[in-house]
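I opened the notebook to look up how charged side chains pair in this model. My entries follow the structure below.

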Amino acid sequence: MSVDPKSVRVCLVAIPEVMASTLMGLYDVLNSFNWLGTYNEGSAGRAQFKAEIVATTAGALSSASGVPVEARRSIKQIDSADVIIIPSIMVERGEWQQGRYPALVKWLAEMHAAGAQLCSACSGVLLLAETGLLDGKDATVHWMYASTFRRNFPNVRLRLDRALVAAGKHQEFLMSGASTSWHDLILYLIAQHAGPTAAQAIAKFFAFQWHADGLSPYVVFEPITDHGDAAIHKAQSWLSRHFSVANPIEQAARISGIPERSFKRRFKSATGHAPIDYVQRLRVEEAKRRLERTQAPVDEISWKVGYEDPAFFRRLFKRITGVTAGVYRRKFHIPEVPNFG
């Protein structure tokens, strides 16, 4: 006796800032799952996904890149769903402005109260966080939007190192981090509703890979410089050019004109990092660039960025990036003439 598969109703939210690539990628994978299940014995009869694009108003709208998007229904026409996903959005000048979509924020909160699982891909979490439902919880976002996220939502704990974050008592909030980590989001949802075998089959079909190392290898260190402390800004400017010298913190304090003990306190208050951590991150960023663009041995790179002890440098590099220097080079180094044969 056959059993009717469970229908999982998914709403993909489109606003004018939506990234068409993520929106349509999610749409295609979910709606192709049903016929792909024919070839996947493990998912047969488990679940079917019914994904649709919704917006504040039904009809055509332009995405962030200008690609037209069609929303078949408005949010006013939807009073129940199993899953709601806010895809990546392009934020003008990298600064999120709250209050632009009050009806949509209200609808998200109401749908959550009615039992919907709320998800976001990359920067879509900026809209999700406006509901206030993430306060006191972990979240993740593309590292480029970390500053604006923290300014707007200081009560949410950002985990930039995580490709995927499930939050809430019943994991009712699911967020993926930078760019293509929406692959992790979709595989998680499929595993949750149709089983791990089905998720594995989809991963093979689309050549998706879990970001098993997290997103730390991808995060670029972007120091805060708009803090308004001129003396600390002067020190930061000097450190950006001289981080590899011996005793850089002592010299930076001297250049700032602030006693060293007070300098360390003011530096952390302004930048969010203790001076030693700040210097280490600058050095690791330079090491990453050298690993990406040169064939120089790791020990040589260690010395170039300011570490005489290569063993210490290797440990530090892994702590900050989540991977060894060798793994990082294999992941990101591109030869001058790519050979894909």
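**Salt bridges**

I began with Glu286, Arg289 and Arg290, which are linked in a network of salt bridges (a salt bridge being a side-chain nitrogen of Lys or Arg within 4 Å of a carboxyl oxygen of Asp or Glu). I note that this is a predicted model, in which local features need pLDDT of at least 70 and side-chain atom pairs count only at pLDDT 80 or more, while totals for chains, interfaces and linings use all residues. Residues are numbered from 1 along each chain as its sequence is written, and side-chain values use heavy atoms, with hydrogens and water left out.

I then looked up the total, and the structure holds 15 salt bridges.

One of these joins the side chains of Asp82 and Arg9, at 3.2 Å from N to O. The pair links distant parts of the chain, 73 residues apart, with Asp82 in the loop between β5 (73-74) and β6 (83-86) and Arg9 in strand β1 (residues 6-13) (helices, H or I of at least four residues, and strands, E of at least two, are DSSP runs numbered from the N terminus). Asp82 is partly exposed at 26% relative accessible area, and Arg9 is partly exposed at 36% (buried means under 20%, exposed over 50%, partly exposed in between, with a 1.4 Å probe and protein chains only).

I next looked up Asp229, which forms a salt bridge with Arg266, their closest N and O atoms being 2.8 Å apart. Asp229 lies in the loop between α6 (196-206) and α7 (230-242), whereas Arg266 belongs to helix α9 (residues 260-271), 37 residues apart. Asp229 counts as buried at 16% relative accessibility, whereas Arg266 is partly exposed at 36%.
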